[in-house]
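Dear colleague,

I am handing over the structure below, with notes on what turned up in it. Please look through it before reading on.

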Amino acid sequence: MSRYRVEFTSSAARAIRKLPKNVRTRLLDAISELSDDPCPPGARKLAGVDLAWRVRAGDHRVIYEIEDDALLVTVVRAAHRREVYR
């Protein structure tokens, strides 16, 4: 199976940089696993959006889009679970 390339939107990268180091490390570990398997166990497709998926990392969530034809995962948003869907 081919590896997916992981990219970040500028707002997602900025939000991840602002998080505490322990949370940032946990999120980046979850994001790095997406390059091997963009739909890992526990990942859920978001209702109402064609390409959007989410993966949990503790109390935080990573919202991302998968483009299978381009082998690309784009991280759109990363935030605490109560704020990420706003």
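**Salt bridges, then the sheet**

A search of the whole structure finds 3 salt bridges, a salt bridge being a side-chain nitrogen of Lys or Arg within 4 Å of a carboxyl oxygen of Asp or Glu. This is a predicted model, in which local features need pLDDT of at least 70 and side-chain atom pairs count only at pLDDT 80 or more, while totals for chains, interfaces and linings use all residues. Residues are numbered from 1 along each chain as its sequence is written, and side-chain values use heavy atoms, with hydrogens and water left out.

One of the salt bridges joins Asp36 and Arg3, at 2.6 Å from N to O. The two residues come from distant parts of the chain, 33 residues apart: Asp36 is in the loop between α2 and β2, and Arg3 is in the segment before β1. Helices (H or I, at least four residues) and strands (E, at least two) are DSSP runs, numbered from the N terminus. Asp36 has a relative accessible area of 41% and is partly exposed, whereas Arg3, at 57%, is exposed. For these words, buried means under 20% relative accessible area, exposed over 50%, and partly exposed in between (1.4 Å probe, protein chains only).

Glu7 and Arg5 also meet through their side chains in a salt bridge, at 3.1 Å from N to O. Glu7 is partly exposed at 33% relative accessibility, and Arg5 is partly exposed at 48%.

Arg81 forms a salt bridge with Asp59, with 3.9 Å between the closest N and O atoms. This pair also links distant parts of the chain, 22 residues apart, with Arg81 in the segment after β5 and Asp59 in the loop between β3 and β4. Arg81 is partly exposed at 45% relative accessibility, and Asp59 is partly exposed at 44%.

As for the fold, 5 strands make an open sheet with mixed pairing, in the order β1-β5-β4-β3-β2. Two strands pair if DSSP finds at least two bridges between them. β1 (5–8) and β2 (44–45) are the edge strands, each pairing on one side only. β2 pairs with β3 (residues 52–57) in the antiparallel sense over 2 bridges, and Lys45 stands opposite Trp53 in β3.

Two helices lie across strands of the sheet. Helix α1 (residues 10–18) lies across β1 and β5 (72–80), at about 45° to β5. Helix α2 (residues 21–33) lies across β1, β3, β4 (60–67) and β5, at about 25° to β4. Contact here means heavy atoms within 4.5 Å; axes are lines fitted to C-alpha atoms, for helices over the stretch in contact, and angles run from 0 to 180 degrees between N-to-C directions.

Regards
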